Amino acid sequence: MFTLAENKEVGKELRATVVDALKAVMEENDKVVALDADLGGASKWTDIAKTNPDRFINVGIAEANMVGVAAGLNLTGYTPFIHTFGPFATRRVLDQIFLSGAYSKNTINIFGSDPGFAAGHNGGTHTTWEDVALLRSIPDIVICDAADEVQMDWIIKKFSKMAGVHYVRGNRKGVRNVYAPGSTFEIGKGNLLQEGSDYLIVVTGQLVSEALEVAEQLAAKGVTCDVVDMFTIKPLDEELLLERLIGKKGVITIENHSITGGLGSAVAEVIADNGLAVPLKRIGVDNRFGQVGTPEFLQEEFGLTRDKMLEQLAKFLKWKR
């Protein structure tokens, strides 16, 4: 069960959340190991090296090798967690994840950090708008996008008890609180955060807080919305989606990702597969590479702030701001 946070301020850094969660599961399970690709300082995984030096491996700038080592460790009874920036954890090593991980039925838990605009000053080479799209093509994989520190903590601990290939994306830095401490979730199930009668907003990851603000602004104009945090993008909660679509005038998807192949595409596929004639507006990035700038600048540049989203929705909802 989950409850929404009363404090909407920026919480603990997600990289620190991941490290603390890993330390906790390492205390419970001496087979959990952590691997990093020369980003231990950026990820704070060097803290794991201090407390569990025999269960931390820095493979260097050799991400494909990291996936292979993780697969080998799992074959010998270990539960590996690996980290690098989102594009290096997915695009750069897709074949290794596919073959050494999923196809070989090995367990590999992947944290891809700083997706989308969170790449910031690292620029276009370090930006991933396509990580979810790439991984969605792999059978049986689990893909999550953490909304805040509470959800990230739960995801890491849950992954440690699951078999298979699992991917979670999230900002290294702190993001605004969405959930109250102690909230729990279910893999493959979306979270209905608020109810409305006019439109359905489906959102994932860091933009959940902005989606709630968008819904609040729409309500002030007399337009009420369901808001669903679809934190598990694969497997998608089709049952909840179809249930909340009943009687709605349209669907809005919001993601810090390309509108091609990500959450918006997944929702569109469900709508099409079920023969539904429902207008759909996908808010995300369309056919663009990343660029250098602060995360705040990039979020606005790519149209993912609350106000920029409302501008995009004005035409779709046919009202003027």
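## Helix α1 across the sheet

Let's begin with helix α1 (residues 14-28), which lies across β1 (32-36), β3 (79-85), β4 (108-113) and β6, running at about 150° to β1. Contact here means heavy atoms within 4.5 Å. Axes are lines fitted to C-alpha atoms, for helices over the stretch in contact, and angles run from 0 to 180 degrees between N-to-C directions. Helices (H or I, at least four residues) and strands (E, at least two) are DSSP runs numbered from the N terminus.

This is a predicted model, where local features need pLDDT of at least 70, side-chain atom pairs count only at pLDDT 80 or more, and totals for chains, interfaces and linings use all residues. Residues are numbered from 1 along each chain as its sequence is written, and side-chain values use heavy atoms, leaving out hydrogens and water.

## The sheet itself

An open sheet of 7 strands runs in the order β2-β1-β3-β4-β6-β5-β10, with mixed pairing. At its edges sit β2 (56-58) and β10 (232-234), each pairing on one side only. From one strand to the next, the twist averages 20°. Two strands pair if DSSP finds at least two bridges between them.

Strands β5 (residues 142-145) and β6 (residues 165-170) pair in the parallel sense over 4 bridges, and I143 stands opposite Y167 in β6.

Just after α4, G77 takes a positive phi of about 100°.
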